[in-house]
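The sequence and model come first, and the description follows.

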Amino acid sequence: MPRNSPEPDRTEFLEPHPYGYLYVGARVAPPAHGALVRRDKERERALARFRVLADELEELPAVVATTVYEAVLMPPLEGAPGHDVVLLVTVASPDRLADVLGSDAYRQLDGEPLMTARNIRRIGVTGDDPSATYLLNHFTAPDPERAVAVWEDLARWYVDKAGVDNSTLLQPLDESPYALVNHVRLPGGPVRFLLTQLVRPSFRTRVRAALRGEGMSALPVFYRRR
């Protein structure tokens, strides 16, 4: 390859999933200082309750899958979500979300509804590996449609520079504090992922500059499945 020729684009955007999504969070015992989430008895009780209700939701014909997550690292960024327990419900289609929202199990959840959503962009399969670390990256943006184009460009950087091979981009169907939420299974732990970004000068010149130029914020929280 000639020295000055552009690097090949290895990003392959696949057909989005046809599902609807329900994203619910709870602030139980987020870290008061720093980013590391420590074990907490109250959170363990909340996780157990979320798991029981998630199992009940899975019995609904409209529900494809449920995943309960516990935060492991919560960077202390301004405006960042403080939810150390979350539930992500995958529903057969966006039209079937009402079946979940009207269920007894959903009404018993002691959490904050963060969004109902659809998948609008996808790379690979995020999946549900119990040993993996997952990222839920929450984007705020003054122009939600422009935010999608920015995300597409930045996704190419993460595939090429950070080794990311999957992404499920969620766009809210109703009012939400976020323009987009990106659901990613990481190629390693959260610290390794953050360091991979910070040691590359192009993270500042391309990723941060693109977000700043569009008035966007990226608010990541790292989770493990429970």
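Is asparagine 166 buried or exposed? At 0% relative accessibility, asparagine 166 counts as buried; buried means under 20% relative accessible area, exposed over 50%, and partly exposed in between, with a 1.4 Å probe and protein chains only. The model is predicted, so local features need pLDDT of at least 70 and side-chain atom pairs count only at pLDDT 80 or more, while totals for chains, interfaces and linings use all residues. Residues are numbered from 1 along each chain as its sequence is written, and side-chain values use heavy atoms, with hydrogens and water left out.

**Asparagine 166 and serine 167**

Asparagine 166 sits in the loop between helix 4 and strand 6. Helices (H or I, at least four residues) and strands (E, at least two) are DSSP runs, numbered from the N terminus. The side chain of asparagine 166 makes a polar contact with the side chain of threonine 126 at 3.1 Å, and a polar atom of that asparagine side chain lies 2.7 Å from the backbone oxygen of arginine 185. A polar contact is a pair of N or O atoms within 3.5 Å; within protein, one must be able to donate a hydrogen and the other to accept it, and residues adjacent in sequence count only if both atoms are side-chain atoms. Contact in general means heavy atoms within 4.5 Å. Leaving aside neighbours within four places in sequence, asparagine 166 is in contact with Ile123, Gly124, Val125, Thr126, His183, Val184 and Arg185. Isoleucine 123 is 43 residues from asparagine 166 in sequence, and their C-alpha atoms are 4.6 Å apart in space.

Serine 167 belongs to strand 6 (residues 167-172). Serine 167 is buried, with a relative accessible area of 3%. Its side chain makes a polar contact with the side chain of asparagine 182 at 2.5 Å. Beyond neighbours within four places in sequence, the contacts of serine 167 include Arg121, Arg122, Trp151 and His183.

**Asparagine 119**

Asparagine 119 is part of strand 4 (residues 112-123) and counts as buried at 5% relative accessibility. Its side chain reaches the backbone nitrogen of histidine 17 at 2.7 Å. Outside four places in sequence, asparagine 119 is in contact with Pro16, His17, Tyr19, Tyr21, Thr168, Leu169 and Leu170.

**Three further positions**

Alanine 105 lies in helix 3 (residues 104-108) and is buried, at 6% relative accessibility. Apart from neighbours within four places in sequence, alanine 105 is in contact with Leu53, Glu56 and Leu57. Glycine 127 is found in the loop between strand 4 and strand 5 (133-140); with a relative accessible area of 40%, glycine 127 is partly exposed. Glutamate 12 is located in the segment before strand 1 (20-26) and counts as exposed at 54% relative accessibility. With neighbours within four places in sequence set aside, glutamate 12 is in contact with Arg122 and Ile123.

The table lists C-alpha separations for these positions.

| Residue pair | Apart in sequence | C-alpha separation |
|---|---|---|
| alanine 105 and threonine 66 | 39 residues | 12 Å |
| glycine 127 and arginine 206 | 79 residues | 28 Å |
| glutamate 12 and valine 37 | 25 residues | 34 Å |

**Packing of helix 4**

How do the axes of helix 4 and helix 5 lie, and at what angle do the helices pack? Helix 4 (residues 144-162) and helix 5 (residues 190-198) pack at about 105°, with their axes 11 Å apart. That makes helix 4 roughly perpendicular to helix 5. Axes are lines fitted to C-alpha atoms, for helices over the stretch in contact, and angles run from 0 to 180 degrees between N-to-C directions. Angles under 35 degrees count as roughly parallel, over 145 as roughly antiparallel, 65 to 115 as roughly perpendicular and the rest as oblique. On the helix 4 side, Trp157, Tyr158, Lys161 and Ala162 meet Phe193, Thr196 and Gln197 of helix 5. The residues of this contact divide into four nonpolar, two polar and one charged. Here Ala, Val, Leu, Ile, Met, Phe, Trp, Tyr, Cys and Pro count as nonpolar, Asp, Glu, Lys and Arg as charged, and the others, Gly among them, as polar.

Helix 4 also packs with helix 6 (residues 201-213), at an angle of about 165° and with the axes 10 Å apart. Helix 4 is therefore roughly antiparallel to helix 6. Val150, Asp153, Leu154, Arg156, Trp157 and Tyr158 in helix 4 meet Ser202, Phe203, Arg206, Val207, Ala210 and Leu211 in helix 6. By class, the contact of helix 4 with helix 6 has eight nonpolar, one polar and three charged residues.
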